[in-house]
Amino acid sequence: MRLRVVVAVLWTIVILVLCLTPQTLLPVNERTPSLTQELHLDKFVHAGIFTVFTVLWLRTQPAGKTRYLWILLAGTALAAVTEIMQNLPIINREGEFEDAMADFAGVLFGFPLFHWTEQKLREWNISK
């Protein structure tokens with residue numbers, strides 16, 4: 001298996017672990033108001049991890065327009081599933097529509113970032 005696929009799969013597992021860790025195992029209580037919540041910094045984290053998801057998975061796919069559709073669908077599905085599953089009693093987290101939208105925004109931001117990074121890698125002759 002190519003290294004790019006391994007890295008993309010590992011990153012997807014990291015997202016699943018981060019999003020589906022039960023509330024009882026978290027070092028902070030999500031329900032307690034904090035400055036982080038007031039500033040909605042968690043939305044930037046959500047967008048960031050899904051931006052990385054998009055870039056990594058795009059690097060695994062051959063050139064073509066369908067790869068964008070598949071990554072868009074996979075990222076959107078992952079965002080929706082993780083937010084829905086956070087509401088399960090065993091996980092006891094607060095799945096939020098706003099978090100899913102931040103995830104989706106991260107997927108969308110990943111497309112131009114992917115093109116920019118690919119261009120830079122080609123300029124530096126380290127694309128492969």
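Predicted model: local features only at pLDDT ≥ 70, side-chain atom pairs only at ≥ 80, totals over all residues.
**Entry 1: Glu83**
I looked up Glu83 and placed it in helix α4, which spans residues 65-85. I then checked its charge pairing. Glu83 is buried but has no salt bridge. The nearest side chain of opposite charge belongs to Arg93, 7.0 Å away. A salt bridge needs the side-chain nitrogen within 4 Å of a carboxyl oxygen. I also listed the contacts of Glu83, setting aside neighbours within four places in sequence: His46, Glu94, Gly95, Glu96, Asp99, Ala100 and Asp103.

**Entry 2: Asp99**
From that list I went on to Asp99, which sits in helix α5 (residues 97-123). Is Asp99 buried or exposed? I noted a relative accessible area of 5%, so Asp99 is buried; the cut-off for buried is under 20%. Without residues up to four places away in sequence, Asp99 touches Asp42, Lys43, His46, Glu83 and Glu94. I looked at two of its side-chain pairs. With the side chain of Lys43, the side chain of Asp99 makes a polar contact of 2.6 Å. With the side chain of His46, the polar contact is 3.5 Å. I also took a C-alpha to C-alpha distance: Asp99 and Ala79 lie 8.1 Å apart, with a separation of 20 residues in sequence.

**Entry 3: Leu3**
Last, I turned to Leu3 in helix α1, residues 3-20. Its relative accessibility is 65%, so I put Leu3 down as exposed; exposed means over 50%. Leu3 belongs to a nonpolar surface patch with Val6, Val7, Val9, Leu10, Ile13 and Val17. Together these residues have about 580 Å² of accessible area.

Notes: Residues numbered from 1 in each chain as written. Heavy atoms only, no water. Helix = DSSP H or I, 4+ residues; strand = E, 2+ residues; numbered from the N terminus. Buried < 20%, exposed > 50% of the residue type's maximum accessible area, 1.4 Å probe, protein only. Lys, Arg positive; Asp, Glu negative; His and termini not counted. Contact = heavy atoms within 4.5 Å. Patch = residues over 30% accessible without salt bridge, like charges linked within 9 Å, V, L, I, M, F, W, Y side chains within 5 Å. Areas by Shrake-Rupley, 256 points an atom, 1.4 Å probe, with all protein chains shown as cover. Polar contact = N/O pair within 3.5 Å; in protein donor to acceptor, adjacent residues only side chain to side chain.
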